Structures are given as C-alpha cells and as structure tokens.
Amino acid sequence: MDDGTTRTPGGYWDPLPTARRLLVEHPHLNQFGGLWADRNWRNVPGPFYGADTDSMQMGRQDAPFHIAYDDEFGLLDGREFVYRQPTDAAQTHDLLNGCFFGHGGFAMDGDEHWTDASVREWWQERGRVREWAITTSDRWSRVRGEYRAHYRDAAQGLRSYLAHLDGGLNEYLRNYLFHLAEGRSPHPGEARPELLRSRRPGPPRTADPLLAGYFVAAPEPLTGSGMPRNELLTTASDCLMDRLPLDGCWFDTPAEALAACAPVDLPADARLFALLVPGDHADAFVTDIREAETHEPVLLSHLDRSGPTPAPAEGGRTLGWEVLGYDDGVLHTWLCNDLHDDAVRDLGTTTDTRGLLPDRATAERVATWANARDDTKPVTWFPATLLTWDTPIETTFVPVVTGAPALQPTPWWERLADLF
C-alpha cells in the first residue's frame, strides 16, 4: 500500500488512464456512479471525488492515504470523500479498492467539472475545511467504547488531511490547474499558475463607509480592568457581545436576520445592527480574513468586490464609531485588548455609554495609535461605525403554557414593509 507521498517528477500525473485499465482488468471495482451535483464539499479538487456514498465508512481499509470520513449524519453515519488524489499507479490501485465500498457513490469525472475559477475558489475557502477537520478530529479522538479504534483511525484521516492542506496540496493544485488548461503535465521549469492571483491595483476605493453586514444582538453591561464601564455596551466584536441567534452570525440582508431570529426566544432589547467600514480601510480587513483562511461569506461578498456595495436599509440610526481587528476567525475590539486606559492617558479619548467613540476622526486616531503598538492582537486595526434600528426584534417563539392559549405574534415577513 502506497503512503500517498510519492512526488511526480515534472508535475502532474494523470491517474485516469491507469484507472480505466484497472477497471477493465478488475470490472468488479467499477463502482463509480456518483454525481457532481451531490459532491461532498470536503473533496480536494481532482478527478476523483465522493458524492452520495454509503455511510459504512470502510474505504480507509484500502485507501487510508486518500479517503476520509465526514460527520454529516452523526457518529457512525458519515459519508466518504477524497482528501488526497493519487499521483502514481500504486496509489490509483489503492483508491479504486477503497472506492469499491462506497457502493456507487464515488466518481472519477472531476476533470469534466473543475475549472480554473472553481479550483481557485475552493483553495481560497479551504479555511472552512480546516475548521471542520480540526473540530471533528478532536471530537472523534475522544470517542470511547466499542468503536474507539474506528474513530481513532477516522480522526487520523482528518489529521492527514490537515497535513496535506499545509503540505503538498498547493503544488498539486498548481499542476492540476496547468493540466486542466493545457491537457498535459508542465515540463520541468515551465511556469505554472499561482492559486491566489495577485490583485492588479485598481482605482482608489471610496473613503465612504461600506456595508459589511447585519447582525442581531442585545446590548450588555461591561465591567473589567482596563475597560470603560458601560451599561449598554454595543460592538460588532465577537469578544464582548453575543450575536444572535448564534455567535458569529452575519446576515446579508435585514430579512435574513429577522428570519433567522424568528423561532428564537430573544431578549426584549434585541436590535438589528449594521457594521459599516470605510472603503479605504476595507482592503486591510479583507486581507486579514483571507490570511486567516476562515469562512466569512457575508463580509467578503460585501467588501471584497469590484462592483458597488449594497446600501444599508433605510431607517437606520448611527450610534457611533469603534476600532476593530480580525484575527483567526474572531473580530476583536480595541476595548478587549486593554487599550482603553492607555488611550485615555495618551490620546485623551472618551467613549459614550455604549463604549463607542464620537466620530470617525477619533476612531482613525485610535486605530493608527493601536497599529503602532506591539502589545495587541496581531491584527490591522481599523475604524468602523454602527447603525441600529430602534424597533425591537419580535419573534414567533411562544413558550408552551399549560391551560393558556398560545400567543401568535405577527410574523416577521408581515412587518418588513413597516420596518424598512
């Protein structure tokens, strides 16, 4: 059994001719009936992929260096996917034997579907795979009892996947992009595509605030060493205020936010908020998101675009300004980095009852000052402003009370016209 680390001199090795020959010699292995539309998002780009495989999780018996399992349907009920493509005949033989147990859910027509753009997009969003694999492998490593050995192996598969993400996958995909474009392997020394294209300098972005996204939260009191005391702390940071209905929830539109919160028991002071980032600071924010390799589809779709950014919904009221920085999937505020007392002393900075700064000029000054320090989070600090809508976020959540008729609040979709 090949360990999956073979290096191919000269670039990309096409496994399909070998696979077709092996299937002629061993027709019982031809269990490839998966559909691209059902492809598991965890598959690495390449000709082989797992789609709607069965959930018996046996593929790693023959192809542990190529097949891993997901947790889509819970413990002992996950599907199989390809985390490393074969790069020689021995690996192709192993993978075909491993795919046999997928009972028709694997496929080998990836070359017909992957494109230059989709491979690059997968690579840019690989942080989503990384987060899932780290969390799931850790959980599986703690499984005890009858299936402990199985889940220790499944966890090892995800750790191998993470090592491949940080190891040879970059080079493989560069060669694969060349293969898709030219139909052959690159010759030694021949230029290959980069996965992340360098951006051409464009026209200067507007300095006007751009909509980054919407969130729902309830202001909270704040006390702590090095922080101001606030009764109604309001921030877009993940550190000091919980977003609703779950931490990390960003929404593209007010309608999406209200729909997500409809079935949740919200506090009475929950409100809709919007985060706006000055256009001349948006690129630094986007760069930190990209470098963290995390999944922020709302923020990126609004700020990392060539066309116009959507305008905030009507009726919003500006609350004030804050200073934020993005690090490894978490949006931090300057207040949680023990900067407040120093800013009061060095800059004469003051905050209002919500912990917000009075204007953009003050926020710019604090951001510049924070970026010059070496004792904060490793982020690029930037100014941002918050909008809010004064109407409470009502929900359709109704507790069950024995003997009392259930109340029926007005559904959110019937109130949208009045709110916005």
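Residues are numbered from 1 along each chain as its sequence is written, and side-chain values use heavy atoms, without hydrogens and water. In this predicted model, local features need pLDDT of at least 70 and side-chain atom pairs count only at pLDDT 80 or more, while totals for chains, interfaces and linings use all residues.

Reader: At roughly what angle do the axes of helix H3 and helix H6 cross?

Author: Helices (H or I, at least four residues) and strands (E, at least two) are DSSP runs, numbered from the N terminus. Axes are lines fitted to C-alpha atoms, for helices over the stretch in contact, and angles run from 0 to 180 degrees between N-to-C directions. The axes of H3 (residues 116-124) and H6 (residues 169-182) come within 10 Å, and their crossing angle is roughly 170°.

Reader: Is H3 roughly parallel or roughly antiparallel to H6?

Author: Angles under 35 degrees count as roughly parallel, over 145 as roughly antiparallel, 65 to 115 as roughly perpendicular and the rest as oblique. The crossing angle of H3 and H6 is roughly 170°. Therefore H3 is, relative to H6, roughly antiparallel.

Reader: Which residues of H6 make the contact with H3?

Author: Contact means heavy atoms within 4.5 Å. From H3, the contact involves Asp 116, Val 119, Arg 120, Trp 122 and Trp 123. From H6 come Leu 169, Asn 170, Leu 173, Tyr 176, Leu 177 and Leu 180.

Reader: Is Thr 385 buried or exposed?

Author: Thr 385 belongs to strand S12 (residues 382-388). Beyond its neighbours within four places in sequence, Thr 385 has contacts that include Pro 209, Leu 275 and Trp 321. Because its relative accessibility is 4%, Thr 385 counts as buried.

Reader: What distance separates the C-alpha atoms of Ala 181 and Thr 115?

Author: Ala 181 is part of helix H6 and, at 60% relative accessibility, counts as exposed. Thr 115 and Ala 181 are 66 residues apart along the chain, and the separation of their C-alpha atoms is 8.6 Å.

Terms used
Buried < 20%, exposed > 50% of the residue type's maximum accessible area, 1.4 Å probe, protein only.
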